[in-house]
Amino acid sequence: MDEVIRAKGLSKSYGGRPVVRDLGLCVGAGEVFGLLGANGAGKTTSVECLLGVRKPDAGTVRILGMDPQRERRRLFQRVGVQFQEGSHQAEIRVDELCRETACLYGRPADWRALLARFGLEGRERAQVKQLSGGQRQRLFIVLALTGRPQVVFLDELTTGLDVKARRDVWRTLEELKHDGLTIFLTSHFMDEVEALCDRVLILRDGREAFSGTVGQAVDASPCSTFEDAYLWFSGEEPEGPDGDEEKGNVR
Amino acid sequence: MSRFKGFGTLFGIELKLNVRDMNMVVFAIAMPLVVLAVLGIVYDTDPAFEGAGYSFVEQSFGAVASIAICAAGAMGLPLAVADYRERKVFKRMKATPASPALILGVSLAIYALYAAVSLALLWAVATLAFGVQMRGSWPAFLGGWLLTLAGMLSIGLVVGGLARTSKQASIIASILYFPMLVFSGATLPFEIMPPAVQQVAGVMPLSQGIQLMKSAFLGAPPDVAAVPLAVLAAVAVACTAVAVRFFRWE
């Protein structure tokens with residue numbers, strides 16, 4: 001399997017407080033990789049260090065064999081990024097934001113087709129701020145895919161989407177994965193992670209607490225469901241389930 | 001060349017967004033025309049003073065042309081820059097093949113365009129309605145105009161680039177914009193102010209720009225331009241250096 005993302009010994013502190021500590025990971029081509037952890041565990045900083053938009057204190061990152069710091073412009077021709085909170089101009093319309101994004105790439109995708117694929121057809125003339133939270137979230141996935149990337153980073157992928165919209169996004173991502181897209185995501189929804197991710201890495205206080213498949217996470221914990229295993233590894237419920245026979249009650 | 005890929009598309013869309021916002025249309029396009037019209041109606045083709053070889057409106061033309069430059073540099077640009085940082089537009093650009101500098105360059109071009117459009121409209125109205133003629137040299141006047149624009153936009157970059165929040169940027173912009181607009185001679189003719197106010201107001205970069213444009217427009221001897229030229233060039237160089245060194249993209 002070709003290696004698409006590799007990080008070694010990644011560390012980052014803010015004002016002497018370590019946020020990411022000695023993080024290492026490797027993602028292969030066509031894999032869906034989930035970076036998980038409680039709020040404040042260092043997910044966003046890790047992603048920003050991987051992408052090179054933040055400079056790590058130590059460690060190396062290669063994405064598609066490129067150094068994101070030194071080869072930023074070449075790298076982002078082939079890497080798409082969806083940001084956690086929609087960052088867009090106040091009065092911009094959907095079509096304008098799509099055109100602004102498409103014009104930056106060498107061979108952009110047809111953004112109208114992408115909008116349709118994510119259920120946003122007919123919304124081209126709407127202002128971005130007038131979209132519902134779920135529509136905006138999907139628009140930012142569209143923007144991440146506009147440059148025809150080989151890898152996408154999706155931060156808090158389906159936060160704010162209703163059940164149906166989440167399922168639709170999952171299905172589309174499955175299709176993209178079959179086309180060979182490598183997906184790096186962070187998520188708060190363990191059902192989503194179970195449905196999509198080939199492998200996960202769980203962060204706890206900026207350090208790797210677990211790395212492997214969803215099944216391995218359950219096996220390596222005293223829990224019987226992935227959600228419990230996640231809570232156990234991430235330190236949010238360090239006691240683990242009360243009894244051995246617990247069947248995945250949700251908190 | 002690929003560094004500027006998308007410049008044209010971005011320019012078109014960002015200009016549309018800016019016009020939709022209307023602030024600059026009012027403060028950089030409409031307001032200078034209103035000021036010119038008021039001066040023209042009050043003074044018509046009267047000479048600037050008894051025996052002057054030029055009219056009062058001609059004497060004021062450089063000042064009126066500086067209103068759009070002031071709006072662009074002290075208000076429009078710093079607010080746009082602070083807004084794009086706060087909305088993380090710069091940060092998003094960082095994760096594309098373009099760079100945040102591309103969209104910043106687009107903003108600079110848009111504010112320069114406002115100033116240029118304002119100048120062209122002012123000239124058209126001034127010549128057609130109030131018989132204004134160029135008494136000095138166009139190249140010198142346009143050179144002074146460009147230098148004033150560069151100086152004011154560089155101040156805007158510093159304010160927008162260093163302010164922590166949009167709120168802070170808008171406070172600083174107001175502190176810069178309104179005094180310069182009123183006391184530098186851009187709206188109230190410098191000549192009618194008391195000497196004490198003239199001395200204090202003369203320090204402002206926009207006053208220097210207006211002196212420069214005025215002397216070029218009226219064909220004053222070149223040595224009059226020496227001080228404003230030096231002050232404006234120093235402001236432009238210093239502010240650009242500070243902006244480049246300390247600009248905060250996020």
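In which loop of chain B is B:L188 found? After that, please take me through helix α6 of chain A (residues 163–178).

Modeller: This is a predicted model, in which local features need pLDDT of at least 70 and side-chain atom pairs count only at pLDDT 80 or more, while totals for chains, interfaces and linings use all residues. Residues are numbered from 1 along each chain as its sequence is written, chains are lettered from A and ligands numbered from 1 in the order written, and side-chain values use heavy atoms, with hydrogens and water left out.

B:L188 is found in the loop between α7 (166–183) and α8 (195–201) of chain B (helices being DSSP runs of H or I with at least four residues, strands runs of E with at least two, numbered from the N terminus). With a relative accessibility of 41%, B:L188 counts as partly exposed (buried is under 20% relative accessible area, exposed over 50%, partly exposed in between, with a 1.4 Å probe and protein chains only).

Turning to α6(A), this helix has 16 residues and reaches 23 Å from its first C-alpha to its last, close to the 22 Å expected at 1.5 Å a residue (1.5 Å times one less than the number of residues). Its buried residues are A:A165, A:R166, A:V169, A:W170, A:T172, A:L173 and A:L176. They cover an arc of only 165 degrees around the axis, which puts them on the same side of α6(A) (the arc being that of the directions from the axis to the C-beta atoms). On the other side of α6(A), A:V163, A:K164 and A:H178 are exposed. The cover over the buried residues includes α4 (111–117), α5 (133–145), β6 (151–154), β7 (182–186) and α7 (190–196) of chain A (contact meaning heavy atoms within 4.5 Å).

The side chains of A:R117 and A:E175 meet at 3.0 Å, N to O; A:R117 lies in α4 and A:E175 in α6 of chain A, so the pair ties together parts that are 58 residues apart in sequence. A:R117 is partly exposed, at 35%, and A:E175 is partly exposed as well, at 36%. The side chains of A:E192 and A:R166 meet at 3.7 Å, N to O, linking helix α7 to helix α6 of chain A across 26 residues. Here A:E192 counts as buried at 1% relative accessibility, and A:R166 counts as buried at 11%. After the helix comes A:G180, whose phi is positive, near 105 degrees.

Note on methods:
A salt bridge is a side-chain nitrogen of Lys or Arg within 4 Å of a carboxyl oxygen of Asp or Glu.
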